Amino acid sequence: MSRGSVGLLALLALSFACGGGTEAGRRRGASTTGAGGGSSGSGSGGFGATASGGAATGGAGTSEPAQLTTDCAEPALGSPNLRLLTRGELVNTLSDVFPELAGQWSDSLPASALSNLGFDNNASTTAGVQLADGILQTAQAVAAAVVAALPTFLPCSTTAPDRACAEQFVTTYGRRLFRRVPTAEERERYLAFFDSALGRFGFEPAMKWVTVGLIQSPNAVYRREIGTDAGDGTRRLSELELATALAYTYTGSTPSDELLTTAESGALGDPVVLAEGLLGTERGNQALQRFFEGYVGFSNAAAIQRPNIPEFSNVSADMVQETRAFIDQVVFQGGGGVTELLTAPSTNPSQALAAYYGLATPAADYAPVARSNGVGILAQGSFLATHANADASSPTKRGLFPFLRLLCQVKPEPPPNVPQISAPEPGVRTTRQRYEEVHGQIGSPCATCHRAFDPIGFAFEHFDEGGRYRADENGLPIDAAAAVTDLDGNVLFSFDGQEDFVTKLSEIPLVHQCFSAYMAAYAFGSAEACLGSNNVAELEAGAIGIARAFAELAEAPHFSRRTAE
């Protein structure tokens, strides 16, 4: 069988998977473009209850979520679906299914497309030609490594390389890849393929292509979250579907054999206890870190340049690790909530990065040190540098982040013929003055929109485009005082500087509701309204931290049930 024909069969199989199952599954799988499923919510005046996401960077095959809803009376149920594994989830899955092959294969998978919320696990994404080809090449790489060490995986291959031996492999590894025992019909289909290949090519080539077929199966590359009719107008996920959802949500990989066995026995138990246990693993830490990477976008710091700061390139990668260590310190070790995330007075730089910032030297790389200026995640160099221009800070970019992702507001569409901000004028005019000249003038086409988020960005003007604190801007005094207003110009609170801003921001209930909505959108891969609103009040009150709130999404109605259609 040629590579091209196998790839075509793979693509057809994947397309069929999206159209198979229930009618609801067919409808969800068929959508590849356009607005995502879910309610857009209803505004409530002032800072409303809906939000657009960040910059849209998704591609073909994604269904872009449009808005998030924060005014939730009660948790909602979303649609049944088949969820395509992300690139990272598929790589993790293959690594965990075949741990003996560590370092013996490499993947050829394209990056997963981002939704306009910044996450790569959109539940309505479907497979296209590029992904199907990448899965084929990756499956071939894994299968070649399996065959090279076949006695390790299939001891009977050395004594009785026959159909019965092949069936052992299909049963064992089919279960691991499908997250359930293959049906008799499925086993027979793979064994019929084995019989055909055995007579033409021999045992090892036959086993290679059986392995390729298992890895390419839609049962392996999609997560089934469809359930069965519960008799009450909803669909209830099976124990195996729940085990799969728990594993991928809280570790980014396939369920362990132990978790699968527990699910097969029908004794999963308390989903929150299971979720907390999974989050306590290294993979669990990485799963929640991936939420923050998509939410804040801080990992981009390692790839940017700051031409006016030569030393930036020496520490930009350290900034990414600093933020990961900071999140681990605040969220995992400290059990902190949104308030702590925004206002923690310490950070976790490398020793080189501490010198760059002008902070005290940590006891070891990424150990905590007290900050002398700024607090929380919005004072991290990775945030400040990625939300800036190459040659200057950007009040617009820095102001938009809290506006969109902490206050859940809709980004207005820019008018035509937007005037350009003038180039930096060191020692002549400050960045704030340049922005106010264009965005703040009464009658300016930009003023109506920018007055809602540019002033927020002024809070960060004591930090340059490389994330360093500055007492002045090239000898000119910095004015970091402003007010947070809604789009109608009503003042919500005034502030002076970054610390004052985030401290007051953390006291607004909407901030906690908005953060919770983003976390649920990440966990469920969907912007459908109110799917994860079961613990917002606890998070807002500080009764639980972010890690616990994330774990408690496992008891949200949507985690175990779906709408009938």
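Is Cys156 buried or exposed? I looked this up in the predicted model and found Cys156 buried, with a relative accessible area of 13%.

**Entry 1: Cys156 and its partner**

I next followed the sulfur atom of Cys156 and found a disulfide to Cys165, with an S to S distance of 1.9 Å. Cys165 also counts as buried, at 2% relative accessibility. I read the torsion about the S-S bond of Cys156 and Cys165 as about 90 degrees, so this disulfide is right-handed.

**Entry 2: the other disulfides**

I then searched the whole structure, which gave three disulfides. One of them joins Cys72 to Cys530, with the sulfur atoms 2.0 Å apart. I noted that this pair links distant parts of the chain, 458 residues apart. Cys72 sits in the loop between β2 (68–69) and β3 (81–84), and Cys530 in the loop between α23 (509–524) and α24 (536–541). For the bond between Cys72 and Cys530 I recorded a torsion of about -85 degrees, so the disulfide is left-handed. I looked up accessibility for both ends: Cys72 is partly exposed, because its relative accessible area is 23% and the cut-off for buried is under 20%. Cys530, at 13%, is buried.

I turned to Cys408 and Cys514, which form a disulfide with their sulfur atoms 2.1 Å apart. Cys408 lies in the loop between α18 (395–405) and α19 (431–439), whereas Cys514 belongs to helix α23, so the bond ties together parts that are 106 residues apart in sequence. The torsion here is about 85 degrees, so the disulfide of Cys408 and Cys514 is right-handed. I found Cys408 buried, with a relative accessible area of 0%, and Cys514 buried, with a value of 0%.

How are the bonded cysteines paired when numbered in sequence order? I wrote the pairing down as 1-6, 2-3, 4-5.

**Entry 3: helices α7 and α8**

I then examined helix α7 (residues 184–201) against helix α8 (residues 203–216). Their axes come within 8 Å and cross at roughly 150 degrees. I recorded the crossing of α7 and α8 as right-handed.

Which residues of α7 meet α8? I listed Tyr190, Phe193, Phe194, Ala197, Leu198 and Phe201 from α7. On the α8 side I listed Phe203, Pro205, Ala206, Met207, Trp209, Val210, Gly213 and Leu214. Sorted by class, this contact has 13 nonpolar residues, one polar residue and no charged residues.

Terms used
Residues numbered from 1 in each chain as written. Predicted model: local features only at pLDDT ≥ 70, side-chain atom pairs only at ≥ 80, totals over all residues. Heavy atoms only, no water. Axes fitted to C-alpha atoms, helices over the stretch in contact; angles between N-to-C directions. Helix = DSSP H or I, 4+ residues; strand = E, 2+ residues; numbered from the N terminus. Left-handed = near helix turned anticlockwise from the far one by under 90°. Contact = heavy atoms within 4.5 Å. Nonpolar A, V, L, I, M, F, W, Y, C, P; charged D, E, K, R; others polar. Disulfide = S-S within 2.5 Å. Buried < 20%, exposed > 50% of the residue type's maximum accessible area, 1.4 Å probe, protein only.
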